[in-house]
Amino acid sequence: MPPADQRFFIYYTNLSLYQQCFIEKRLLQEQKSNAFLNKDELIQLTGLVNVSSQHKWLADNEWIYIVNAKGASVADREYGHIKMSGGETRNDRSGQMPDFSKVA
C-alpha cells in the first residue's frame, strides 16, 4: 500500500476539477483560520494560564505578539515555527546595519 500522501494524491487526481477546487478552497480556509496560535497552544507554549503572565513570558522570551481588544495574546503561527526551529526572525537582526563598505 502506498504512503498516505501518495494515496491522497491518487485519490485527488481521480476527482473532478470541481471537487479539486472545492478541496483546495477548504484547505486555504483552514490555513487562514489557523494563522494564529489558539488559547490552548499559548498555554502549552508558555506553561501559563494567566494572560498577563503569558504577556510577560512572551516579552521575556522575545516573541513578537500583540494584545487584542479583549486583552488576549495573539502570536503568529508561522513566526512560532521559525522561532521554535531556531531560524532567524526579524527581531534577531534588530540593531544590525548592513555593511555598505562592500557595495561598489
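**Close-up views of a predicted model**

**View 1. His55, a buried residue of helix 4.** His55 has a relative accessible area of 15% and is therefore buried in this predicted model, because buried means under 20%. The residue belongs to helix 4. When neighbours within four places in sequence are left aside, the contacts of His55 are Tyr65, Val67, Gly71, Ala72 and Ser73.

**View 2. The tilted pair of Trp57 and Trp63.** Two aromatic pairs are counted in the model. One of them joins Trp57 and Trp63, with 6.5 Å from centre to centre and 45° between the planes, and this pair is tilted. Trp57 has 24% relative accessibility and so counts as partly exposed. Trp63, in contrast, has a relative accessible area of 7% and is buried.

**View 3. The edge-to-face pair of Trp63 and Tyr79.** The ring centres of Trp63 and Tyr79 are 5.7 Å apart. Their planes stand at 80°, so the pair is edge-to-face, because planes over 60 degrees apart count as such. This pair links distant parts of the chain, its two residues being 16 residues apart. Trp63 sits in the loop between helix 4 (51–60) and strand 1 (66–67), while Tyr79 is in helix 5 (residues 77–84). Both Trp63 and Tyr79 are buried.

**View 4. The aromatic cluster of Trp57, Trp63 and Tyr79.** These three residues form one aromatic cluster. Trp63 takes part in the tilted pair with Trp57 and in the edge-to-face pair with Tyr79.

Definitions and conventions: Residues are numbered from 1 along each chain as its sequence is written. This is a predicted model: local features need pLDDT of at least 70, side-chain atom pairs count only at pLDDT 80 or more; totals for chains, interfaces and linings use all residues. Side-chain values use heavy atoms; hydrogens and water are left out. Rings of Phe, Tyr and Trp (its six-membered ring) pair if their centres lie within 6.5 Å; planes under 30 degrees apart count as stacked, over 60 as edge-to-face and the rest as tilted. Buried means under 20% relative accessible area, exposed over 50%, partly exposed in between (1.4 Å probe, protein chains only). Helices (H or I, at least four residues) and strands (E, at least two) are DSSP runs, numbered from the N terminus. Contact means heavy atoms within 4.5 Å.
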